[in-house]
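This report describes how two protein chains meet in a predicted model. The sequence and structure are shown first.

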Amino acid sequence: MRTLGLSLLSAVLLFGAAETWIKDDALVSDVEARIRKIQPTRAEKRFDEIGWAGSILQAEEIAARLNRPMFLFTYNGNIDTGRC
Amino acid sequence: MINSYFVPVTSRNEEADDPKGNAPPEEKKERRRIYLEFYEKKLGIGDVHVYIVAPDRSAVASMGVVQAADPAKLTPFLEEVVAKLHLKPAPPAIKPHPTSRPPSGLASDSLVVHLVSRALIGGSWHEFPSENWIVLSAAEWNQLLPPPDGAKEPWTLPAPVARKLAEWVYPQNEEKTGVNRSRIELADFRLTPTAKEGTLVRAKIAGKIRLWHSFYPGGQNERNAQDIAASELTGYLDFDTTSRRIQRLRVVTTKGDYHGNTPFATSLVSMSRETLEALYAPTNSR
């Protein structure tokens, strides 16, 4: 019994008390369904399937090391968020 | 193909080409050098443009965005470069990662809200949704909560935080800076408690927003009748009345119209710590 108590105490200390949430209701279901329809689709995020370097200088350093050319795309605005 | 044969990189004109841009001087200098070499070698230049630069930093070939946006044109262009430079395919030089992310280095008690806004009709500017990352400081997100002991009665969000949530609620249009230029006429968010379990409360959100936002930058000093983004919103806020901690903030439009002819939808979703950490997982280069 003492061993079981110590085990349970250890589990709580290790993992922390589980967070409690209010049960989802019709409002939550409706709001979440509306939100899901707006989120970017996988097709719309294909830009993220490319491994973009953080800067021209970084890209050139990697390009020289791997003996690969650099694909540089210049643009206006914020292409990552679509506000461009 | 871009991952397999090239080292891809983007360069924002406002950062790296503008003298007032905040890119480091060395970055700006190298960007300028590339541009001038392509110009001198008559290989093509442009503001929104693809430049192929060899590993020794010499100019190879370029393509304007109108053509580059067409796979039927970009693919043979890249294949020609691959053949010319005798390239071999390899894994990506840099691990692909989300490019739309909140600012880094945030205070640990910030609340980050991810906004997505999209036009609901097709056409130019409507191909992709827009995103924003709204960061609320502890002082700001505390304004979302009712006064202590006030979680039984409806309340309204104070103007400063209401405006911060409202100012990006419009679909994609032309933007060059990350600075919001909307003129808010109405940002009304009313919260009504609807559920309680122990110390946890859920409040329904009903919102109305009306703001002026010119489609193109530079028009913000005018108030053209068509530049109105009007929306009605619903949502909920789950919070703990004892710890005064927000568990979930969700807001979404039920109606949205821009310019009188562009229906749109916008969502605002608070991010958990786990999601934020995943967005900034390491992206090591080879």
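Strands β1(A) and β1(B) pair in the parallel sense, with six bridges between them. Within this pairing, Y75(A) stands opposite R12(B) of β1(B). Strand β1 of chain A, residues 70–75, also pairs with strand β2 of chain B, residues 49–53, here in the antiparallel sense over five bridges. There, F71(A) has I52(B) in β2(B) as its bridge partner.

Together, four strands make up an open sheet of mixed pairing, in the order β1(B)-β1(A)-β2(B)-β3(B). Its edge strands are β1 and β3 (59–64) of chain B, each of which pairs on one side only. From one strand to the next, the twist averages 20°. Helix α3 of chain A, residues 56–66, lies across β1 of chain A together with β1 of chain B, and runs at about 165° to β1(B).

**The contact between the chains**

Chain B contributes 69 residues to the contact and chain A contributes 47 residues. On the side of chain B that touches chain A, strand β1 (residues 7–12) of chain B gives the most, with six residues. The residues on this side of chain B comprise 32 nonpolar, 18 polar and 19 charged.

**A helix of chain B with one buried face**

Helix α7 of chain B spans residues 159–166, and its buried residues are V161(B), A162(B), L165(B) and A166(B). Viewed down the axis of α7(B), these buried residues fall within an arc of 135°, so they line one face of the helix. The elements covering them include β5 (130–136), α6 (138–141), β7 (183–197), β8 (200–212), β10 (245–258) and β11 (262–270) of chain B.

Note on methods:
Residues numbered from 1 in each chain as written. Chains lettered and ligands numbered in written order. Predicted model: local features only at pLDDT ≥ 70, side-chain atom pairs only at ≥ 80, totals over all residues. Contact = placed C-beta atoms within 7 Å. Helix = DSSP H or I, 4+ residues; strand = E, 2+ residues; numbered from the N terminus. Nonpolar A, V, L, I, M, F, W, Y, C, P; charged D, E, K, R; others polar. Pairing = 2+ DSSP bridges. Buried ≥ 20, exposed ≤ 12 C-beta atoms within 10 Å, placed from the backbone. Arc of directions from axis to C-beta. Axes fitted to C-alpha atoms, helices over the stretch in contact; angles between N-to-C directions.
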